[in-house]
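Reader: I am new to this structure and would like to learn how to read it. Please take the features one by one.

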Amino acid sequence: MKRINNSVIALSLFVGIANANAQEKKTLSLDEAVQLGIQNSKNLKIDAAKIEEATADLLEAKNRQLPELKVSGSYMYLPIKPNVDIKLPGVSGAGGPEVHQVAYGSANLSVPIYSGGRIKYGIQSAKYLVEASKLSTENDKIAIAYNVAQAYNNLFKANQSIKVFEENLAASQKRDETFLKMENNGLIARNDRLKANLQTSNIELQLLEAKNNYNIANINMDLLLGIPETTELEVDENYIEEGSDVKPVDFYVTEARENRKDLQALAQQRKAAELGSKAAKAENLPSIAFTGGYVAADIPKFLTVYNAINVGIGVSYNLSNLWKENSSLRQSQAREKQLAATDELLNDNIKLDVNREYQNTDYSKKRIAVFEKSAEQANENYRITKNKYDNGLATMTELLDADAAQIAANVGVINAKADAALAYRKLLQTTGTLTIK
């Protein structure tokens, strides 16, 4: 029996230690969270692979301007004596030599001299596409920074709501104790005391909901940052002070035109498409290359050739271009038109995005003032109603309604400030200037 008790105690201690260590706490500023989110982003890993692919395409384009050197060789065994009939004057082929093996090798060199600009245009186009891939990655980083800020904001709001509800729950429970004593002394009716208990239960439910929202927001944040989902995050409350100085909307429109990475990436793609059209036109031009070669052969007892070196100029031209229409050129020109239209559409969307988020930022800042005024009024109303109730001039229902309004107004102030900070970050994202430290 003693051994069983010892085992139970040991198991209880182990479970207690495990539960204590299961939830790791970590305090993160918003900038630190953004950095983690970028570092562990799956989307950015895909982007990195796309950059590698574009870089490989550039390497392939550069390789086309380098010399081509090909070496080949063969050895053949002839099990049956071949018939050799030499037709040279004065040379008889009758009873020719015994030939049972042949060996030969060759080396061919080709150095491009002129290709109508296809190689040059291909290299320049590939460079533009590499730059476009890098700019697209930067644009995705900014989007990730905002997504992390949004998740951080949700976590902050849930955490602050918990604090408000816990504070009000403690006050409500204390009030319940007071009302119970008053009921026992015959100073209030049981019905009034039950109304107060119901208010306490409502606050408890709100607190449970806030904790549930916090847990969900915390897990979402953990996954977004690539850290264990058992990590409990604590946020920095100072970030809600961002966006206090908002400039005129024209300033942000100009910033977007100068800094939007997707707009810059599209510009690089348009340059690449323009060069693609030039390269397609060059398909109708001939190619010229310097050529050289070396041949060696050995047929025992019959023929030996070595130092057969040749040099020259090679010209290549596809005569079918004379009657075939250049489909590559048409495709490239269509691509140019698509990108030009996309550029116009993107510029319009940027104007719309910036103006919309500017209005949302302005609206969010004005909401703070309204909620602060509402909270001030709700707090004062509760103070007055409490005094009236203490003096028998207000009902229990009026007191509880004033208390509920006070809680809602105080939570509203916190949420309004957090939403304003997030709206300002969204505005910076639309301008391409959201800072990533």
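Author: The chain has nine helices and six strands. Helices (H or I, at least four residues) and strands (E, at least two) are DSSP runs, numbered from the N terminus. This is a predicted model, in which local features need pLDDT of at least 70 and side-chain atom pairs count only at pLDDT 80 or more, while totals for chains, interfaces and linings use all residues. Residues are numbered from 1 along each chain as its sequence is written, and side-chain values use heavy atoms, with hydrogens and water left out.

Reader: What radius of gyration does the chain have, and what would a compact globule have?

Author: The radius of gyration is taken over C-alpha atoms, and the globule rule is 2.2 Å times the number of residues to the power 0.38. For 437 residues a compact globule would come near 22 Å, but this chain has 40 Å. Along the principal axes, its C-alpha atoms fill a box of roughly 145 × 80 × 30 Å.

Reader: How much of the chain is buried?

Author: Buried means under 20% relative accessible area, exposed over 50%, and partly exposed in between (1.4 Å probe, protein chains only). Buried residues make up 34% of the 437 residues.

Reader: What span should helix H5 have?

Author: The expected span of a helix is 1.5 Å times one less than its number of residues. Helix H5 (residues 190–225) has 36 residues and should span 52 Å, which agrees with the 52 Å between its end C-alpha atoms. Helix H3 (residues 42–63), with 22 residues, reaches 32 Å from its first C-alpha to its last, close to the 32 Å expected.

Reader: Which residues of H3 are buried?

Author: An α-helix has 3.6 residues a turn, so residues three or four places apart point the same way. In H3 the buried residues are Leu44, Asp47, Ile51, Ala54, Leu58 and Ala61. They lie on the same side of H3 because they cover an arc of only 80 degrees around the axis, the arc being that of the directions from the helix axis to the C-beta atoms. Lys42, Lys45, Glu52 and Glu53, on the other side of H3, are exposed. The cover over the buried residues includes helix H2 (30–39) and helix H4 (118–184).

Reader: What caps the N-terminal end of H3?

Author: A polar contact is a pair of N or O atoms within 3.5 Å; within protein, one must be able to donate a hydrogen and the other to accept it, and residues adjacent in sequence count only if both atoms are side-chain atoms. Serine 41 is the cap, with a side-chain oxygen 3.3 Å from the backbone nitrogen of asparagine 43.

Reader: Is serine 364 buried or exposed?

Author: Serine 364, in helix H8 (residues 327–390), is buried, with a relative accessible area of 7%. A polar atom of its side chain lies 2.8 Å from the backbone oxygen of asparagine 360. Contact means heavy atoms within 4.5 Å. Leaving aside residues up to four places away in sequence, serine 364 touches Ala416, Asp419, Ala420 and Ala423.

Reader: What is the phi of asparagine 307?

Author: Most residues other than glycine have a negative phi. Asparagine 307 is not a glycine, yet its phi is positive, about 55 degrees. This residue is found in strand E6 (residues 303–316) and counts as exposed, at 52% relative accessibility. Glycine 226, which follows H5, also has a positive phi, near 75 degrees.
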